[in-house]
Amino acid sequence: MTDILPAVLSDLARSSGVVVDSPPGAGKSTLVVRAATHIAAHGEPLAIVAQTNEQVDDLIVNLARAVPQSPIGRLSAQGYAAAPRIARHGNVTVDSAVAGLAGSAIVIGTAAKWSTVTSGEWPCAIIDEAYQMRSDALLQIAGRFNRTLFVGDPGQLDPFSTVDTERWAGLSWDPQLSAVAVLLRHNPNIPQHRLPVSWRLPATAAPVVSDAFYPFTGFTAGTARSDRSLTFTTRAFGSSPVDKTLELAAETGWALHELPARHSMRTDDEVARACAAVAQRLVERGATAISERSPEPVPVTPDRIAIGTAHRDQAAAVRQHLPADSGITVDTANRLQGREYDVTVIWHPLSGRRDATAFHLEAGRLCVLTSRHRHACIAVARAGITELLNAHPSTGRVYLNEIVKFPDGWEANEAVMTHLEQHRVPA
């Protein structure tokens with residue numbers, strides 16, 4: 001694969017901004033670390049902006065390992081206590097004020113924290129997960145940076161807001177639009193680059209995710225189907241639906257564990273129990289994975305398994321069916337964004353619903369849920385999703401001058417469901 005970093009850095013030296021689009025698992029984090037290392041090595045103070053504290057900490061850990069000799073500053077809120085994985089690095093300083101980080105070659109903080117900085121200027125900045133950043137958040141801090149590298153995934157979740165944003169729809173400065181969308185709308189000549197290969201998604205998943213969520217900027221898998229496999233160290237007694245689901249997922253990379261059709265509450269206890277049962281059974285069967293990282297079988301430990309949901313109360317419902325010390329990650333798509341696991345179990349957003357709202361049809365949400373895995377993705381849902389989609393075509397309002405987001409959420413859900421139906425296991 002061609003290394004795009006030299007071209008990105010060359011454009012950044014000549015332009016006030018550069019955009020790099022990355023599909024899931026294409027090496028975005030690696031690109032950010034390499035770019036930051038290069039810039040810092042040339043003596044330029046660098047600011048890095050991430051969207052959540054977890055993203056900030058992930059970047060700090062990666063950078064501290066990559067450049068242990070460079071001083072790194074963690075711009076934090078008052079009273080922030082550094083996590084052990086941050087505190088163990090001697091080249092990392094934590095402070096709630098930029099003045100306290102003087103001498104740091106790289107200063108990293110969330111967009112919300114950077115918006116409180118009232119003085120200072122940095123010759124260069126990197127904005128990570130730029131498509132998650134609202135345009136108004138960029139406006140608050142853009143003046144502090146002379147040149148900015150924007151890196152993100154255009155297929156992931158849009159910026160989130162708790163207020164109604166309809167009043168701004170179609171306006172060029174709509175604050176609900178992503179920072180990149182508004183940037184490109186006002187600066188169409190800004191250099192753009194794209195990472196074309198996903199190193200996370202297996203060959204069984206990359207074509208599905210690419211076709212459903214990236215119809216105009218498709219990507220391929222960096223590994224062949226023969227490079228990865230998922231097996232079990234124990235045999236199943238009998239042939240329960242859960243074991244059939246796991247074996248199909250291990251063989252094909254996908255499975256739809258389908259419960260009987262029924263309209264249900266959002267916190268459907270049967271679906272919650274099924275999600276927990278599938279994940280626990282994966283551990284009980286002693287799943288092992290072979291990949292390009294290791295030709296020898298590596299145990300799929302609980303920390304390498306995630307259960308993804310659309311709502312926090314659904315995640316809480318799943319946790320009730322898992323031991324407190326299970327070690328399995330259970331969280332919403334918003335919080336799983338940017339993370340990677342060997343196997344993911346997803347509670348389909350449309351399971352058991354009477355309607356298909358814009359929230360549940362959001363393409364980015366389903367994209368996140370179906371693109372966290374390296375080996376297999378198992379969807380748990382009630383039957384009837386295809387019928388629900390057919391009964392609820394997209395009917396959202398259209399606004400003049402509004403940037404049309406592709407793909408359409410209905411089309412993306414239809415594409416994924418068409419694929420999942422070929423891997424159905426009735427429960």
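Guide: Here we go. In residues 263-382 the end C-alpha atoms are 9 Å apart, and the span is 32% helix and 31% strand. Helices (H or I, at least four residues) and strands (E, at least two) are DSSP runs, numbered from the N terminus. This is a predicted model, where local features need pLDDT of at least 70 and side-chain atom pairs count only at pLDDT 80 or more, while totals for chains, interfaces and linings use all residues. Residues are numbered from 1 along each chain as its sequence is written, and side-chain values use heavy atoms, with hydrogens and water left out.

Visitor: What does UniProt list for residues 263-382?

Guide: An unreviewed entry there gives "domain: DNA2/NAM7 helicase-like C-terminal". UniProt annotations may be inferred rather than shown by experiment.

Visitor: And how many helices and strands does the protein chain have?

Guide: The protein chain has 16 helices and 19 strands. Its radius of gyration (taken over C-alpha atoms) is 22 Å, close to the 22 Å from the globule rule (2.2 Å times the number of residues to the power 0.38) for 427 residues, so the chain is as compact as a globular protein of that length.

Visitor: Helix packing next. At what angle do α8 and α16 pack?

Guide: About 155 degrees, with the axes of α8 (residues 206-213) and α16 (residues 409-420) 8 Å apart. Axes are lines fitted to C-alpha atoms, for helices over the stretch in contact, and angles run from 0 to 180 degrees between N-to-C directions. The pair is therefore roughly antiparallel; angles under 35 degrees count as roughly parallel, over 145 as roughly antiparallel, 65 to 115 as roughly perpendicular and the rest as oblique.

Visitor: Which residues make that contact?

Guide: V208, A212 and F213 of α8, with A412, A415, V416 and H419 of α16; contact means heavy atoms within 4.5 Å. They divide into six nonpolar, one polar and no charged. Ala, Val, Leu, Ile, Met, Phe, Trp, Tyr, Cys and Pro count as nonpolar, Asp, Glu, Lys and Arg as charged, and the others, Gly among them, as polar.

Visitor: How about α9 and α10, at what angle do they cross?

Guide: Roughly 65 degrees, and the axes of α9 (residues 241-252) and α10 (residues 269-284) come within 10 Å. That makes α9 roughly perpendicular to α10. V242, D243 and L246 of α9 touch A277, V278, R281 and L282 of α10, giving five nonpolar, no polar and two charged residues.
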